[in-house]
Amino acid sequence: MTTIPNSSSLPVTWWKSSASGAQSDCVECGLLEDGAVAVRDSKAPTGPALVFGRAALTAMVGAVATGAL
């Protein structure tokens with residue numbers, strides 16, 4: 001995982017889950033050219049982003065889904 005101080009500097013198109021509706025407490029994701037995924041707080045578009053490789057993101061999502069995180 002890598003931290004990018006200003007997420008707006010990343011060359012990605014950001015999206016958030018359609019399940020988030022009009023709520024502002026969401027994360028946004030962006031797919032990088034190398035297949036990594038950037039994640040940022042939708043309320044802070046120029047704030048930091050975390051960049052995960054595919055394996056790390058899969059592991060994190062799995063841990064959240066099973067309640068391990």
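Figure 1. At 11% relative accessibility, Val51 counts as buried, a label used here for residues under 20% relative accessible area, with exposed meaning over 50% and partly exposed lying in between (1.4 Å probe, protein chains only). This is a predicted model, in which local features need pLDDT of at least 70 and side-chain atom pairs count only at pLDDT 80 or more, while totals for chains, interfaces and linings use all residues. Residues are numbered from 1 along each chain as its sequence is written, and side-chain values use heavy atoms, with hydrogens and water left out. Val51 sits in strand β4, which covers residues 49–52; helices (H or I, at least four residues) and strands (E, at least two) are DSSP runs, numbered from the N terminus. Setting aside neighbours within four places in sequence, look for Met1, Thr2, Ile4, Leu32, Ala36, Val37 and Ala38 as the contacts of Val51, where contact means heavy atoms within 4.5 Å. Ser7 is 44 residues away from Val51 along the chain, and their C-alpha atoms are separated by 9.8 Å.

**Figure 2. The largest nonpolar core, with Leu10 among its members.** Which residues make up this core? There are 9 in all: Ile4, Leu10, Val12, Trp14, Leu32, Ala36, Ala38, Ala49 and Val51. A nonpolar core is a set of buried Ala, Val, Leu, Ile, Met, Phe, Trp, Tyr and Cys residues joined through side-chain atoms within 4.5 Å. Pick out Leu10 and you will find that it touches Ile4, Leu32, Ala38 and Ala49, not counting residues up to four places away in sequence.

**Figure 3. Glu28, a buried residue with a charged side chain.** Glu28 belongs to strand β2, residues 27–31. Is Glu28 buried or exposed? Its relative accessibility is 13%, so Glu28 counts as buried. Beyond residues up to four places away in sequence, Glu28 touches Trp14, Trp15 and Lys16, and also Ala38, Val39, Arg40 and Ser42.

**Figure 4. Ala65 and Leu69, two exposed residues.** Ala65 lies in helix α1 and is exposed, with a relative accessible area of 68%. Leu69 has its place in the segment after α1 (54–66), and at 68% relative accessibility Leu69 counts as exposed. Even so, Leu69 touches Met60, Ala63 and Val64, leaving out residues up to four places away in sequence.

**Figure 5. The whole protein chain, to set the close-ups in context.** The chain has 1 helix and 4 strands, and reading along the sequence gives the pattern β-β-β-β-α. Along the principal axes, the C-alpha atoms fill a box of roughly 30 × 30 × 20 Å. Buried residues make up 33% of the 69 residues. Among contacts between residues at least 6 apart in sequence, 35% join residues at least 24 apart.
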